[in-house]
Amino acid sequence: MNEKVLKTLEFNKIIDILSEKAISQMGKEKCKMLKPSTDLYEIENWQKETTEASSIILKKGSLPLGGLKNVE
């Protein structure tokens with residue numbers, strides 16, 4: 001994606017806000033690595049994952065992810 005477009009859209013600021021919301025260090029790092037996509041299949045898959053996650057959170061409440069450990 002065009003860097004000028006990302007700057008105009010303040011993509012880095014959005015990613016910073018998102019990473020601040022992450023509970024674990026691993027989640028914060030994943031947020032920082034996010035990049036937009038132009039691949040329609042990938043975009044549709046990400047939207048499906050987001051819809052599923054939102055549905056689970058609405059039905060069962062927030063997931064307790066604070067104690068996650070990186071096992072790598």
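User: Why is the pair Asp16 and Lys32 called a salt bridge?

Analyst: The term requires a side-chain nitrogen of Lys or Arg within 4 Å of a carboxyl oxygen of Asp or Glu. In Asp16 and Lys32, the closest N and O atoms are 2.7 Å apart. That distance is within 4 Å, so the pair is a salt bridge. Asp16 sits in helix H2 and Lys32 in helix H3, so the pair ties together parts that are 16 residues apart in sequence. A helix here is a DSSP run of H or I with at least four residues, numbered from the N terminus. The model is predicted: local features need pLDDT of at least 70, side-chain atom pairs count only at pLDDT 80 or more, and totals for chains, interfaces and linings use all residues. Residues are numbered from 1 along each chain as its sequence is written, and side-chain values use heavy atoms, without hydrogens or water.

User: What makes Asp16 and Lys32 partly exposed?

Analyst: Their relative accessible areas. Under 20% is buried, over 50% is exposed, and partly exposed is in between (1.4 Å probe, protein chains only). Asp16 has 34%. Lys32 has 46%. Both values fall in between, so both residues are partly exposed.

User: How many salt bridges does a search of the whole structure find?

Analyst: Two. Besides Asp16 with Lys32, the side chains of Glu10 and Lys13 meet in one, at 3.3 Å from N to O. That is also within the cut-off, so the name applies. Glu10 has 42% relative accessibility and counts as partly exposed. Lys13, at 49%, is partly exposed too.

User: What makes the phi of Glu10 worth a look?

Analyst: Phi of Glu10 is near 55°, a positive value in a residue other than glycine. Most residues other than glycine have a negative phi. Glu10 belongs to the loop between H1 and H2.

User: How do you know which way the buried residues of H2 point?

Analyst: H2 covers residues 11–21, and Phe11, Ile15 and Ser19 are buried in it. Seen down the helix axis, the buried residues fall within an arc of 70°, so they line one face. That arc is taken from the directions between the helix axis and the C-beta atoms. On the face turned away, H2 carries the exposed residues Glu20 and Lys21.

User: What covers the buried residues of H2?

Analyst: The cover includes helix H1 (3–8) and helix H3 (25–32). Contact here means heavy atoms within 4.5 Å.

User: Why is Ser19 buried rather than exposed?

Analyst: Ser19 has 6% relative accessibility. That is under 20%, so Ser19 counts as buried. Leaving out residues up to four places away in sequence, Ser19 touches Lys28, Cys31 and Lys32. A polar atom of the Ser19 side chain also lies 3.0 Å from the backbone oxygen of Asp16.

User: Why is Asn12 called exposed?

Analyst: Asn12 reaches 56% relative accessibility. Asn12 is in helix H2. Its C-alpha is 9.8 Å from that of Lys35, 23 residues apart in sequence.

User: What makes the link between the side chains of Ser37 and Glu42 a polar contact?

Analyst: A polar contact is a pair of N or O atoms within 3.5 Å; within protein, one must be able to donate a hydrogen and the other to accept it, and residues adjacent in sequence count only if both atoms are side-chain atoms. The Ser37 and Glu42 side chains are joined at 2.5 Å, so the distance meets the cut-off. A polar atom of the Ser37 side chain also lies 3.0 Å from the backbone nitrogen of Asp39.

User: Is Ser37 buried or exposed, and where does Ser37 lie?

Analyst: Ser37 is buried, with a relative accessible area of 15%. Ser37 lies in the loop between H3 and helix H4 (40–60). Beyond neighbours within four places, Ser37 is in contact with Glu42, Ile43 and Trp46.

User: Why do Met1, Val5 and Leu9 count as a nonpolar patch?

Analyst: Patch residues have over 30% relative accessible area and no salt bridge; like charges are joined within 9 Å, nonpolar side chains (Val, Leu, Ile, Met, Phe, Trp, Tyr) within 5 Å. Val5 has 37% relative accessibility, so Val5 passes the 30% cut-off. Val5 is in helix H1. Together, Met1, Val5 and Leu9 have about 300 Å² of accessible area, by the Shrake-Rupley method with a 1.4 Å probe, where only the protein chains shown count as cover.

Key:
Helices (H or I, at least four residues) and strands (E, at least two) are DSSP runs, numbered from the N terminus.
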